[in-house]
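This report describes selected features of one protein model, from strand pairing to charged side chains and backbone angles. Please consult the sequence and the structure shown here while reading.

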Amino acid sequence: MTARLRWLALTAALAVGACETPAPSPDVAPEVELGFDMPRAQAEALVDDPAAPPTKRARAFRRLGQEHSMSGRMQEATEQLETAAELFADDAVELALTLNILTDVLMRRGAFERQGEVAWQVLDIAAGIDDPTAAADAAANAWNNLGVSFAARGQPSGALEGYQRSLELNRNLDNPSRGAATRHNLGVQLLLLGRVDEGVAELRQAVATRRRLGESLGIGVSLASLAWGESLSDRPEAALAAYAEATQRLEDGGAVQDLATALGQRAQLYRSLRRFDDALADLERSRQLQAAGGELPPLLAAYLDLGHAANERQRAASTSPSTSDLADAIARLRRAVATFDGLDAQDGRILSRLELARALRFQAGGDPLANLEPAEALLVEALDVIEAARSDLRLPSFRATFLGGWQSVTQELVDLLASGALAAGESAGDQALAERALEASERGRARALLDRLASSRSGTSVAEGLRDRVEALEAQAVLEPTDGAHRGSAGDASADAAARRDELRRLRFALERAQEIAQRDLPTTPAATPATVDAIRRQLGADDAMRRQLATDDVMLVYALGVERSWLWRVDHQSTRVIALAAGDTLEAAARKAHELLPVEAQRGFGKATQSALDRLSHLLLEPLAEDLDADRHSGARLIIVPDGALHLIPFGALPRPGDESTPLVADHEVLHLPSASTLVALRRRADRALAPHLLTLVADPVFEADDKRLTGRTTAGSSRIGSTDPGSTDPGVAHTRRAFAGQFSRLVASADEARRIATLAEEATGIAPPIHLGFDARRELVTGGALDDVRILHFATHGIVDAEDPALAGLVLSLYDADGTRRDGLLRARDLYPLRLGADLVVLSACRTALGEEIRGEGLVGLADAFFAAGANQLVVSLWDVEDRPTAELMVRFYRHLLLEGRSVGAALRQAQLELRQETVWRSPAYWAGFVVVGSAL
């Protein structure tokens, strides 16, 4: 996904209005009970008549206050509404309604602390209202407004709780208008948290409700935010279409500030599309609209300064960077920084510093060292704001996506420092800048996993009803056929699957929100601190304790993808060096091409194409290190790879040695993979725990089919260990997988033989036969019930699932039937693993694509591997693609022979097994031997 367009998002959060009442109209003659349709002339006459009934005067003040708000005259709106509140002092219902409207005005003015105080006041008033419906109505509105106040002040947990409570109250009030307003706000908050699909879904629902109700202004505001979500999803045409309708509706309705906000948002989309003149036109019109209203709210003024300056800098960068005068842009940005700091507006504080740092770098021209210190200080301050907001979130899943949305800040700081390191050359600043760049990169890498590794908190048991509904739908997706033969037409099946995905998405998020709220009274789990370079280097040295096991140093290669260039650090126990690589898009495309070709090479005759793809990757990723790798080869150094982005899809051991395409890297080195450099320190620290008492347990050959001979006595055909459900793949194996995912998993006959042969090796090594759980005993509850917590090595040989459309369904498929033929939920999900406390030093997932999962910016691939680490594993052997049954079984048996009988390390044992398989003609293709990698780095 492209860089996030977060501009003006916060001002859009409550552009719908705190209270969903009809917009005032001067053309409506009759006065309704609450006074919102009172003609303006009548309202003006009443406020000037001290003898008029207080209630009527109060409604007149409220009526004019709301009109001033719609027109952008916020000072007048505040005064009118505060007067109305004084007159309504003895009427709790009217007072609550008026104060809820006032919170909207305060939000638009940037008075977030005062807004929160008023919302809490409304909650106190609501508690004293005798009418339960009126009390719930006031409270629902107040909770919605509190959510916005929390969001504005960088407290996303409070925002989510506010919106959740508002929606819960509103369900019993039959007020679809307010429900749409709260869904709008929730959708914006989800976009800010990086939960783009969920945010877009909420905003679409808000738009649909408002269309049904005929709320033209509400449609316009929600469409503007939906357009922002479409832009985050890389659908610019859909975004522009939504903005076109939104701006027209807002202009027709006279909603000046909302129109200005929408224009400011669209300007940023134009800027990302390099339509600079269009962007500038929208920004200038937005400013003019506000000026015409007599007052430019500080929050909006700061965002407009920010957008204008960023637009001018980027236009200059694309046209005449050598002659551009950035003085005006820099002055605007400094003013924006001060304004956002004064308002304590989280997003603005971050964005203004990011843009000012970029402007200072641009001002420096071609000298990477000029303006480095002030730019670094700004970016570090921005990251500190991000860290504070991230720490407020209690659930790691929210923390992960939130941080992923701010990767542009981390990338800018990394590029600043790494470029400076190269410019410093051999000077003393070279090493220090390279290390600061690496530490900056670690601040944005695999942080949710690092938090889980550092946390002792177990999973929450709240919302069991919701959890049961989620698991029932997931089990249905795995167990029930969805092809046309079983569910009518293919179209019906597709519609049913789409409906189930939507329901699952809704229920999963509801479950997460319930968990977040349930933990609100618990202390927030502190975010784990990424490791320093010194701490990382200490783990790479072969001191006396390590030398007995490794007899050599480790070398770490850390990759970070960037927009204009990417970076590679080579780290050993003595030094850190940084190297510039090609742009991130180039590396990502090359990695995805190789990953696409590798698993099908043997079946489809793409050997030359695959070799060419691997050669290109080696040239891009390893060629700059050719001399170092040659020296490391002779020293026997072990390589620890920390990938980024699509590089997580690549088994680095299969890449050719630079300059020698016939020799893979694994021929020279033991190769390990890690999610981040900091996880090396965390896992090594955990490796000091006491050994689990039992060596090995094997789980294999579950019962998948109703006609399995273990149930019926009839023989069933075996299958390959296929586990992908990527709908876009043309791999013949994937077609089998789609049948399997529809409840047609075939028995893996070779997996039982694999388990028995491994058990024999373990008995030969220790004299004790390890337990093997086969057939009906290969149950999900075996893992979730804690029976495997005290085992050092866990081995699973089964089907794996990765669903491109629903990453949360990723898991291992265990027995789907009991011995009496009763169907059961046999999907072992990542979510099942997080609460566990495994004592495993090693988990081997002898199944398909077990290294893969949901791609989250900064986190990498979040799935089974991440979950097993969080549950206690120190090292994993996992697969990067669909693997076949027979060569996989052979690879695993050889791996355990080297591990158990020869006492080699995990990485060394897998390396030797892969090299042996590669020597056999029938399995020489990397498709057979290179798919498994070691992730983690215990000693």
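Strand S10 (residues 791-797) and strand S14 (residues 842-846) run parallel and are joined by five bridges. Strands count as paired here if DSSP finds at least two bridges between them. Helices (H or I, at least four residues) and strands (E, at least two) are DSSP runs, numbered from the N terminus. Within this pairing, Ile793 stands opposite Leu842 in S14. Ile793 of S10 also stands opposite Leu696, and six bridges join strand S8 (residues 694-702) to S10 in a parallel arrangement. Because six of its seven residues are buried, S10 is largely enclosed by the rest of the structure. Buried means under 20% relative accessible area, exposed means over 50%, and partly exposed lies in between (1.4 Å probe, protein chains only).

The model is predicted: local features need pLDDT of at least 70, side-chain atom pairs count only at pLDDT 80 or more, and totals for chains, interfaces and linings use all residues. Residues are numbered from 1 along each chain as its sequence is written, and side-chain values use heavy atoms, with hydrogens and water left out.

An antiparallel pairing is found between strand S17 (residues 875-879) and S18, which are joined by five bridges. Here Leu876 stands opposite Val935 in S18. Strand S18 (residues 932-936) has five of its five residues buried and is therefore largely enclosed by the rest of the structure. In a regular strand the side chains alternate between the two faces of the sheet.

**Charged side chains**

Side chains of opposite charge can pair when their charged atoms come close. With a salt bridge defined as a side-chain nitrogen of Lys or Arg within 4 Å of a carboxyl oxygen of Asp or Glu, the count comes to 71 salt bridges.

| Pair | N to O distance | Relative accessible area |
|---|---|---|
| Arg275 and Asp278 | 2.9 Å | Arg275 35%; Asp278 32% |
| Arg399 and Asp451 | 3.0 Å | Arg399 2%; Asp451 5% |
| Arg657 and Asp668 | 2.7 Å | Arg657 21%; Asp668 13% |

The salt bridge between Arg399 and Asp451 links distant parts of the chain: Arg399 is in helix H19 (residues 396-404) and Asp451 is in helix H22 (residues 447-454), 52 residues apart. Arg399 is buried, and Asp451 is likewise buried.

In the salt bridge between Arg657 and Asp668, Arg657 lies in strand S5 (residues 656-657) and Asp668 in the loop between strand S6 (660-664) and strand S7 (671-673), so the pair ties together parts that are eleven residues apart in sequence. Arg657 is partly exposed, whereas Asp668 is buried. Salt bridges that share partners also join Glu355, Arg358, Arg361, Glu412, Asp415, Glu564 and Arg565 into one network.

In the pair Arg275 and Asp278, Arg275 is partly exposed, and Asp278 is partly exposed as well.

A negative surface patch is formed by Glu76, Glu79, Glu82 and Glu86. Patches are made of residues with over 30% relative accessible area and no salt bridge, like charges being joined within 9 Å and nonpolar side chains (Val, Leu, Ile, Met, Phe, Trp, Tyr) within 5 Å. Glu82 is placed in helix H4 (residues 74-87) and is partly exposed at 34% relative accessibility.

**Backbone angles and a contact in space**

Most residues other than glycine have a negative phi, and most peptide bonds are trans. Which phi value does Asp234 have? Phi of Asp234 is near 60 degrees, a positive value in a residue other than glycine. Asp234 is found in the loop between helix H11 (216-232) and helix H12 (236-252), and is partly exposed with a relative accessible area of 38%. Arg274, which is not a glycine either, has a positive phi of about 65 degrees. Arg274 is placed in the loop between helix H13 (256-272) and helix H14 (276-292), and its relative accessible area of 48% makes this residue partly exposed.

Ser166 lies in helix H8 (residues 156-170) and is buried, with a relative accessible area of 1%. Ser166 and Thr182 are 16 residues apart in sequence, with their C-alpha atoms 7.2 Å apart in space.

Definitions and conventions:
Accessible areas come from the Shrake-Rupley method with a 1.4 Å probe; for residues, only the protein chains shown count as cover. Lys and Arg count as positive and Asp and Glu as negative; His and the chain ends are not counted. The place of a charge is taken as NZ of Lys, CZ of Arg, CG of Asp or CD of Glu.
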